[in-house]
Amino acid sequence: QMALQDKVIRETTEKRNDLETYIYQMRDQIIDRLAPFLSMDAKEEFKKQLEEAEEWLYSDEGFDTVKSAYVTKLGDLKGMGDPCVRREYEHLNREKAQKELSQRVEEYKALANTTDDAFAHITESERAKVKDECKATLDWLYEALDKQKDKELYEDPVLTTGDIYTKNQVLYNVCNPILSRPKPAPAPAPAPAPDAPAPDAEKKNEESENKMDEGDDKASKEEGDSAPMEAEPTDAKA
């Protein structure tokens, strides 16, 4: 039981400290780096909410309350503070994401138009598919950037870094399998035909065969001459 009580006290203190830290940080940031990302009205309202939360935190009620009360207060403040933090993030990171997408488009366009032998196996229809996807991506990007330029820093963006990174991934999924496909290995060379015998060799082979035939004939003749003659049969006496 004591361990459970200690755990509750510790967690409650942590949530109280989280709320206190957030109040101090945001109170300074909305008049400094986050100032451009809040309209004047929103800034005044947020400042008021922070001051009221600070007063409550150091009141008897705020000093001795339950963990859930601190969590609720912090959630309410973040509901006003998080949007301007996101707008700052988008402003600082959108250009980087845009450049990465544009660079990938240019790389793929160059590979689709290359005459390098390493890409000779890419068909014309595949090259056209890559070019079409690159064009569609740039059209989307330019249209979104055109809309974004009319937005104030304190307004929610119409083009987010998440949108750009998603488009970059789609472009990669379409084009990379085509352009990274390795060139097929060359067909194996046919086996060399057996060398034809030289004319002199043919003549020698023919002479050798003739000699062998002559030798066979001579041997057959000698064998016939040396064979014993059969005795002539005599008439039987009557």
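Which residues in α1 meet which residues in α2?

Mentor: Happy to, and please keep in mind that this is a predicted model. On the α1 side, the residues are Arg16, Leu19, Glu20, Tyr22, Ile23, Tyr24, Met26 and Arg27. They meet Phe46, Leu50, Ala53, Glu54, Trp56 and Leu57 in α2. An α-helix has 3.6 residues a turn, so residues three or four places apart point the same way. That is a handy idea to hold against the two lists as you look at them.

Now the geometry of this pair. Helix α1 covers residues 2–29 and helix α2 covers residues 40–57. Their axes lie 10 Å apart, and the packing angle is about 145°. The handedness of the α1 and α2 crossing is left-handed.

Let us step back to the whole chain. There are seven helices and zero strands, and along the sequence the pattern reads α-α-α-α-α-α-α. Of its 238 residues, 24% count as buried. Take the contacts between residues at least 6 apart in sequence: 76% of them join residues at least 24 apart.

The axes of α4 and α6 come within 9 Å of each other and cross at roughly 15°. With that angle, α4 is roughly parallel to α6. This crossing is left-handed.

Helix α5 has 25 residues, and its first and last C-alpha atoms are 36 Å apart, close to the 36 Å expected at 1.5 Å a residue. Its buried residues include Val130, Cys134, Thr137, Leu138 and Leu141, with the charged residues Glu126, Arg127 and Glu133 also on the list. Among the elements covering the buried residues of α5 are α4 and α6.

Helix α6 takes in residues 161–179. Its 19 residues should span 27 Å at 1.5 Å a residue, and the end C-alpha atoms are 26 Å apart, which agrees. Even so, α6 has a kink of about 30° at Asn173, shortly before the proline Pro177. The buried residues of α6 are Thr161, Ile164, Asn168, Leu171, Cys175, Ile178 and Leu179. Their cover includes α4 (67–113) and α5 (124–148).

Note on methods
Residues numbered from 1 in each chain as written. Predicted model: local features only at pLDDT ≥ 70, side-chain atom pairs only at ≥ 80, totals over all residues. Heavy atoms only, no water. Helix = DSSP H or I, 4+ residues; strand = E, 2+ residues; numbered from the N terminus. Expected span 1.5 Å × (residues − 1). Bend = angle between axes of the 7 residues up to and from the residue. Buried < 20%, exposed > 50% of the residue type's maximum accessible area, 1.4 Å probe, protein only. Contact = heavy atoms within 4.5 Å. Axes fitted to C-alpha atoms, helices over the stretch in contact; angles between N-to-C directions. Parallel < 35°, antiparallel > 145°, perpendicular 65-115°, else oblique. Left-handed = near helix turned anticlockwise from the far one by under 90°.
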